[in-house]
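Trainee: I would like to learn how to read a model of this kind, one feature at a time. Could we go through it together?

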Amino acid sequence: MATPIIELENVDKSFGPIDVLHNINLRVHAGEVLCLLGDNGAGKSTLIKTLAGVHKPTSGTVKFDGKPVEFSSPKEAQEMGIATVHQFGGTFPLMSIGRSFFVGVEPTKGWGPFKRYDRKKANEIAVKAVQDFGITRIDDGDRLIGGLSGGERQSLAIARAVHFGARVLILDEPTAALGVKQASHVLRIVLEARKRGLAVIFITHQVMHAMTVGDHFGVLIKGALAADFRKGEKSREEITDLMAGGEALADLGEEVEEYMASHDGHAPPAKH
Ligand SMILES: Nc1ncnc2c1ncn2[C@@H]1O[C@H](COP(=O)(O)OP(=O)(O)OP(=O)(O)O)[C@@H](O)[C@H]1O
Ligand SMILES: [Mg+2]
């Protein structure tokens, strides 16, 4: 099989005495979506931050294109082609679409027209990039980011990352605050990014979103990779159970059944 774009080998991460990630081994290939699942506090954000140059692993290795890398800043990870899109990160409500598309892009890197900001050209490029992703409702680069829906903002951020040559796209709960229709736009764009050969890491709490786009699933429970499987290997119920902490729920179910069997069908009192 081809070399994975991103590979984690025996990655541990502690913050002082607090161990957050334990011995994580994961690979993500080009043209593949890895869904990272797990309950609140399982370590998902910490894991992607070690890929995005925000945190350094305490031990273990991160490889990019098969070579070990150590990022000393998010910018370094970005320059290698690892783009991270946070829920509302990287966008500014009072900035125009065209302007925000080029924020942080060094004019010296082949962007001749932007040595002095060229509004018309910037708008053209930004609108085209977004429309190429199928978001045809965005047709005016002068519109302010603040006037876009959450889904459109996410889509713009993803289109931007792809336009500037990202090879790895990391999305930390991009659909969490979105309605059904907007979320489906974002999911479609994720599939388009995959089609263009990016490796995508997608964090979500929603099983249906995960099952719609995921090729490969990793489930974190208390900082350890409790399950690592491919599309079709587990049912929706099994995935839901794993996402919610798995065994804890199974145990709870058994406890409740036993109690009810011996208490005339009454549910147990809540535990404090
Ligand atoms: N900088 C830090 N210092 C100390 N502990 C941290 C730090 N960052 C995260 N943690 C701890 O690590 C654990 C995992 O946090 P993380 O944010 O990675 O979880 P998560 O899986 O993204 O959760 P959620 O689904 O709620 O976003 C938590 O217990 C958190 O308190
Ligand atoms: Mg998180």
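This is a predicted model: local features need pLDDT of at least 70, side-chain atom pairs count only at pLDDT 80 or more; totals for chains, interfaces and linings use all residues.

Trainee: How many helices and strands does the chain have?

Mentor: Helices (H or I, at least four residues) and strands (E, at least two) are DSSP runs numbered from the N terminus, and here the chain has 9 helices and 10 strands.

Trainee: Which strands pair with β1?

Mentor: Two strands pair if DSSP finds at least two bridges between them. Strand β1 (residues 6–15) pairs with β2 in the antiparallel sense over 7 bridges, with Ile 6 opposite Val 28, and β1 also pairs antiparallel with β4 (residues 59–64) over 5 bridges, where Glu 7 stands opposite Lys 63. The hairpin of β1 and β2 has 2 residues between the strands, and in it Gly 16 takes a positive phi near 55 degrees.

Trainee: Which residues of the largest nonpolar core touch the most other members?

Mentor: A nonpolar core is a set of buried Ala, Val, Leu, Ile, Met, Phe, Trp, Tyr and Cys residues joined through C-beta atoms within 7 Å; a residue is buried if 20 or more other C-beta atoms, placed from the backbone, lie within 10 Å of its own, exposed if 12 or fewer, and partly exposed in between. The largest core holds 70 residues, and those touching the most other members are Val 168, Leu 169, Ile 170, Val 200 and Phe 202.

Trainee: Why does Asp 172 count as buried?

Mentor: Asp 172, which lies in strand β7 (residues 168–172), counts as buried because it has 20 C-beta neighbours inside 10 Å. Two residues are in contact if their C-beta atoms lie within 7 Å, and, leaving aside neighbours within four places in sequence, Asp 172 contacts Ser 45, Ile 48, His 86 and Ile 203. Asp 172 and Ile 48 are 124 residues apart in sequence, yet 8.1 Å apart C-alpha to C-alpha.

Trainee: Which element gives the most to the shell around ligand 1?

Mentor: A residue is near a molecule if its C-beta atom lies within 6 Å of it; the residues around ligand 1 include Phe 15, Lys 44 and Ser 45, and α1 gives the most, with 3 residues.

How values were computed. Residues are numbered from 1 along each chain as its sequence is written. Chains are lettered from A and ligands numbered from 1 in the order in which they are written.
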